[in-house]
Amino acid sequence: MLGSRTDLHIFDAGSVNGTRYCNEILLPYVRLFRGAMGLQFLFMDDNAPCHRTVSAEQLLESENIELYVETPLHPEKLTVWCSLWAGGIIGPYFFKNDEGHNVTVNGDRYRAMITNFFIPELNNHDVQELWFQQDGATCHTARATIDLLKDTFGDHLISRFGPVNWLPRSCDLTPLVYFLWGYIKTLVYADMPQTLDHLEDNIRRVIADIRPQMLENVIENWTSRLDYIRSSRGSPKPEIIFKM
């Protein structure tokens, strides 16, 4: 505060998360000064992750505290998800909040995407003997996420903590890694998009233009990779051979 200060607050052992920030800083200090100073009180904060949680922002809003925030530490980015199978691509899905702003992925958002987007889209396709494979990202392997995926796919789940464990360092066996994302990036940046809306439009267009024959070639290449891994007893591939 100008002309005054609070006592130094030392957090006990452990890291500071949004809940601790609300309970130990906002409620006992910030709300107190807001009540004493009234509408003249202006709260300035930085962009530490624990400061920018939904609960912290809701608390400040509920107390009618005007917040001055620094320029965002990182520029806004797109977070996009797709699934790929021999018959097509489900997606893209862009993670956004209720206001339509781009957000990163956490467990709640990933499960909401699976429940509200992926499963309904999947039910529109006649897919037989489906296996669902995902990597070991934290939002993918949270207990609640694995329970949801087990309920949906049963034993046909390839994932860390799943019925069939995700193999470590197995990017050679992931079509999304060895094909889709690299292929998309070579095309979506061709016209150097200057806005996120432009980039999102490019991603949608490029994915929509991928033909079924290309996806069949991707899966054929995937089976050849499996054959090589089995015959080499898990050795890395010495070179990448991919026919479009």
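Colleague: In which helix does E200 lie?

Modeller: E200 lies in α7, residues 196–208. Helices here are DSSP runs of H or I with at least four residues, strands are E runs of at least two, and both are numbered from the N terminus.

Colleague: And what are the ground rules for this model?

Modeller: It's a predicted model, so local features need pLDDT of at least 70 and side-chain atom pairs count only at pLDDT 80 or more, while totals for chains, interfaces and linings use all residues. Residues are numbered from 1 along each chain as its sequence is written, and side-chain values use heavy atoms, with hydrogens and water left out.

Colleague: Why is E200 called buried?

Modeller: Buried means under 20% relative accessible area, exposed means over 50%, and partly exposed is in between (1.4 Å probe, protein chains only). E200 comes in at 10%, so it's buried. Leaving out residues up to four places away in sequence, E200 touches L78, F94 and K96, where a contact means heavy atoms within 4.5 Å.

Colleague: Why are W81 and F118 called an edge-to-face pair?

Modeller: Rings of Phe, Tyr and Trp (its six-membered ring) pair if their centres lie within 6.5 Å; planes under 30 degrees apart are stacked, over 60 edge-to-face, and the rest tilted. W81 and F118 have centres 5.3 Å apart and planes at 75 degrees, hence edge-to-face. The pair links distant parts of the chain: W81 is in strand β3 (residues 80–85) and F118 in helix α3 (residues 107–123), 37 residues apart. W81 is buried at 10%, and F118 is buried too, at 3%.

Colleague: How do you know that F118 and F153 are tilted?

Modeller: Their centres are 6.2 Å apart, so they pair, and their planes are at 40 degrees, so the pair is tilted. F153 sits in helix α5 (residues 143–153), so this pair ties together parts 35 residues apart in sequence. F153 is buried as well, at 10%. W81, F118, F132 and F153 form one aromatic cluster, and the count of aromatic pairs comes to seven.

Colleague: What makes you say that α3 bends at I114?

Modeller: The bend at a residue is the angle between axes fitted to the seven residues ending there and the seven starting there. At I114 that gives about 35 degrees. α3 has 17 residues and reaches 23 Å from first C-alpha to last, close to the 24 Å expected; the expected span is 1.5 Å times one less than the number of residues. Buried residues of α3 include Y110, I114 and F118, and its buried residues pack against β3, β4 (88–94), β5 (132–133), α4 (138–141) and α5.

Colleague: How do you know that R225 lies over the face of Y178?

Modeller: The rule wants NZ of Lys or CZ of Arg within 6 Å of the ring centre and within 35 degrees of the ring normal. R225 is at 3.7 Å from the ring centre of Y178 and counts as lying over its face.

Colleague: And how many helices and strands are there in the protein chain?

Modeller: Eight helices and six strands. Buried residues make up 33% of its 244 residues.
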